[in-house]
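Please read them alongside the coordinates.

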Amino acid sequence: MPGIEKLPIDETLEDSPQTRSLLGVFEEDTAAMSNYCTQLYQAMNRIYDAQNELSAATHLTSRLLKEYDKQRFPLGGDDEVMSSTLQQFAKVIDELSSCHAVLSTQLADAMMFPITQFKERDLKEILTLKEVFQIASDDHDTAINRYSRLSKKRDNDKLRAEVVEDVYTSRKKQHQTMMHYFCSLNTLQYKKKTALLEPLLGYMQAQISFFKLGSENLTQQWEDFLGTIGTSVQNVRREMEEEVGQMQQTIQQMERSCDPLYAPCDPDPVHSPVCRSLTRKQGYLYIRNKTGLVSSSWERQYFFTQGGNLMQQGRGEVAGGLVTDLDNCSVMAVDSDDRRFCFQAHRSDPWFDSSHWLCCFSQQWIATINNISKRIYLSENAEELAARVNQSALEAVTPSPSFQQRHESMRPSRTGRASSISSVGSEPSPALSVLSLDALVAPETPIQFDIISPVSEELSGQSKAAAQSGRRSNPFGESGDGTAEDSEDSILHQLFIVRFLGSMEVRTTESVDVISETMRQILAARAIHNIFRMTESHLLVTCDCLKLIDPQTQVTRLRFPLSSVIQCSSHQDNKRLFGFVLESPGGRAVCYIFESNNDGEKICDSVGLAKQIAFHSEMDRKAVEKRKEEDKAKEKQQEELSKQRQIEKDLEEQSRLIAASSRPANPPPSDGQFLVLSNSQSEDSDAGGEDGKKKGESEA
């Protein structure tokens with residue numbers, strides 16, 4: 001007999017849409033076989049039940065056997081050997097349609113028993129396993145949905161443990177049920193042949209024994225034919241038993257090997273490290289779809305990579321559809337309020353920007369998409385090249401004693417340097433080709449991936465002084481001495497949503513490529529060390545400073561004086577990335593790298609505008625101070641002049657009084673009537689002279 005179609009038991013854990021489609025074909029074939037077997041059973045039952053209906057039942061059986069070729073079986077419909085065999089049986093049964101009722105006892109054992117066993121035991125077992133598998137699949141989907149809805153903010157260890165145990169149990173139950181269900185369906189492909197042939201064989205043997213030495217209808221040729229059919233049935237049964245034994249062994253091996261894979265999260269990285277050399281990946285992910293202006297929903301779909309494309313396929317679909325082109329695509333972990341283990345696949349294109357939020361349970365997806373975005377899959381030895389690229393990136397961010405020697409050996413190759421920089425998505429500038437990379441960023445410089453408030457001597461001194469004075473110091477590095485007043489008096493107020501990627505110390509602030517080189521090293525370090533978490537903050541740009549504010553508590557995490565910002569620029573290709581170089585009071589230069597929502601250039605322009613406004617404000621302040629100093633000088637000069645005039649007036653009055661006191665006595669009057677007046681006037685003049693003299697002396 002030709003080969004028998006079988007379901008792959010080793011693909012039950014993956015549960016791909018192709019496997020489900022093939023399972024649907026087997027279920028359709030089982031339903032068709034069940035329908036056909038029911039009709040055949042009813043026909044044979046009519047032969048057994050009533051002797052009067054024996055002829056009609058035999059004729060119906062013959063007709064059903066002749067219609068086997070017209071049945072549309074999805075599997076085994078073109079079995080010519082089976083069809084020809086049944087056609088020959090149909091002819092014989094048609095000739096024996098008028099058999100005697102004495103055959104009923106022999107038919108009960110030889111014909112009705114096999115078909116009854118197949119119908120009542122085998123087919124019902126298939127239906128029962130189908131219902132159990134459907135229940136297990138629904139429980140697994142429910143457990144996966146419950147696990148994916150675990151909130152990161154309200155993390156409960158007990159609840160998370162219960163959900164993980166539920167996912168483990170449901171996935172294990174689904175896998176085991178699916179394997180046994182597949183085994184029963186594969187076994188059914190053998191049993192349906194024996195279930196059709198054994199009752200007919202028993203019926204014919206009963207007829208032969210009934211007619212004993214043969215008759216006109218049953219000859220030696222038919223006996224040989226029946227013997228051949230019996231041998232074929234035994235061979236099929238023996239092959240079925242061997243296949244069942246192999247499938248049972250496969251099920252046991254799969255149960256032992258797949259036990260760690262039932263958990264939804266990644267296995268222990270020490271025993272099962274993430275493979276970073278893959279360029280192909282398939283499995284189930286959750287994708288976020290927008291259902292309104294601000295609302296969204298998550299949908300579980302089957303995703304797979306095909307070349308440089310990310311494809312998705314539903315369970316009922318025959319082929320997959322394109323989601324996005326992964327060439328030059330960036331992958332970053334993002335925080336979501338209603339999902340865990342989320343990452344964003346963003347592709348920046350001059351004509352179209354695409355961004356997709358996905359939720360996975362394995363870091364293998366992120367590593368694979370990173371390899372595809374570098375177009376490693378186009379090479380002949382893709383896995384070898386991916387491993388080499390990841391090792392090179394690891395060496396680029398890992399301090400080692402031979403780094404300088406390795407860099408010197410790589411320095412003559414301009415193409416190698418261009419390829420290392422282009423991994424971030426930008427081309428090297430002419431200044432970078434002249435200036436060594438070591439002159440920009442030292443290879444042993446540590447990278448800071450989290451926001452930590454800077455602790456300087458000034459802040460420590462302030463904290464000590466505050467401790468001595470009994471006043472509480474701000475643990476976030478804020479002075480609190482009018483920072484809010486400066487921000488309120490500032491002309492410019494612009495707020496942006498940013499995510500901190502990292503910071504590191506740089507050697508020079510003069511080169512324009514120091515920010516792009518810092519971006520390259522920080523992004524490479526994040527990709528190599530699996531650091532995908534980013535701290536989201538609000539960046540407030542004012543004319544005095546740059547502030548990083550916590551979006552939930554509104555507490556200032558970091559404050560950068562605008563005068564210490566040396567330069568600020570965005571990425572050449574990915575406009576979401578930007579950074580600025582900050583010069584500390586100790587002479588150290590630190591470069592901070594951030595990611596924004598496509599506002600990198602806008603933020604840099606805002607910082608430049610703030611510096612211009614601050615510069616003009618400083619010039620205006622100096623002009624106002626100079627004008628005030630001139631006004632004070634004029635007022636002081638006026639006061640000096642007024643004092644000098646008062647002194648001159650006082651001296652003039654003093655000299656007049658002195659002159660009046662030194663004047664000679666008046667001559668005697670001609671008439672006696674003025675004598676009294678003269679004496680009184682003389683006394684008054686003497687008194688006035690003495691008083692004026694004293695007053696002049698005191699003023700002098």
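Among the elements of the chain, which has the lowest mean pLDDT and which the highest?

1. Confidence by element. This is a predicted model, and the answer to the opening question is a helix at one end of the scale and a strand at the other. Helix α10, residues 414-422, has the lowest mean pLDDT, at 34. Strand β14, residues 589-596, has the highest, at 90. The average pLDDT over the chain is 75, and 73% of the residues score at least 70.

2. Where pLDDT is low, the predicted coordinates should not be read in detail.

3. Overall make-up. The chain has 700 residues, of which 39% are buried. Its secondary structure consists of 17 helices and 14 strands. Of the contacts with a separation of 6 or more, 68% are between residues 24 or more positions apart.

4. Helices α4 and α5. Helix α4 covers residues 103-148 and helix α5 covers residues 157-211. They pack at an angle of about 165°, with axes 7 Å apart. Because angles over 145 degrees count as roughly antiparallel, α4 is placed in that class relative to α5. The crossing of α4 and α5 is left-handed. By class, the residues of this contact are 29 nonpolar, 11 polar and 12 charged.

5. Helices α1 and α4. Helix α4 also packs with helix α1, residues 17-49. For α1 and α4 the angle is about 150° and the axes are 10 Å apart. These two helices are therefore roughly antiparallel to each other as well. The crossing of α1 and α4 is left-handed. Their contact divides into 17 nonpolar, 7 polar and 4 charged residues.

6. Arginine 499. Arginine 499 has a relative accessibility of 13%, so it counts as buried, the cut-off being under 20%. Leaving aside residues up to four places away in sequence, arginine 499 touches Met534, Thr535 and Glu536, and also Phe594, Glu595, Ser596 and Asn597. Of the residues touched, Phe594, Glu595 and Ser596 fall within the range of β14, residues 589-596.

7. Aspartate 15. The backbone here should be looked at. Aspartate 15 has a positive phi of about 55°, although it is not a glycine. The residue is found in the segment before α1. With a relative accessible area of 6%, aspartate 15 is buried.

8. Glutamine 554. A positive phi is also found at glutamine 554, where the value is about 60° and the residue is again not a glycine. Glutamine 554 lies in the loop between β10, residues 545-549, and β11, residues 556-561. Its relative accessible area is 51%, which means that glutamine 554 is exposed, since the cut-off for that class is over 50%.

Terms used: Residues are numbered from 1 along each chain as its sequence is written. This is a predicted model: local features need pLDDT of at least 70, side-chain atom pairs count only at pLDDT 80 or more; totals for chains, interfaces and linings use all residues. Side-chain values use heavy atoms; hydrogens and water are left out. Axes are lines fitted to C-alpha atoms, for helices over the stretch in contact, and angles run from 0 to 180 degrees between N-to-C directions. Helices (H or I, at least four residues) and strands (E, at least two) are DSSP runs, numbered from the N terminus. Angles under 35 degrees count as roughly parallel, over 145 as roughly antiparallel, 65 to 115 as roughly perpendicular and the rest as oblique. A crossing is left-handed if the near helix is turned anticlockwise from the far one by less than a right angle, and right-handed if clockwise. Ala, Val, Leu, Ile, Met, Phe, Trp, Tyr, Cys and Pro count as nonpolar, Asp, Glu, Lys and Arg as charged, and the others, Gly among them, as polar. pLDDT is the predictor's confidence in each residue, from 0 to 100. Buried means under 20% relative accessible area, exposed over 50%, partly exposed in between (1.4 Å probe, protein chains only). Contact means heavy atoms within 4.5 Å.
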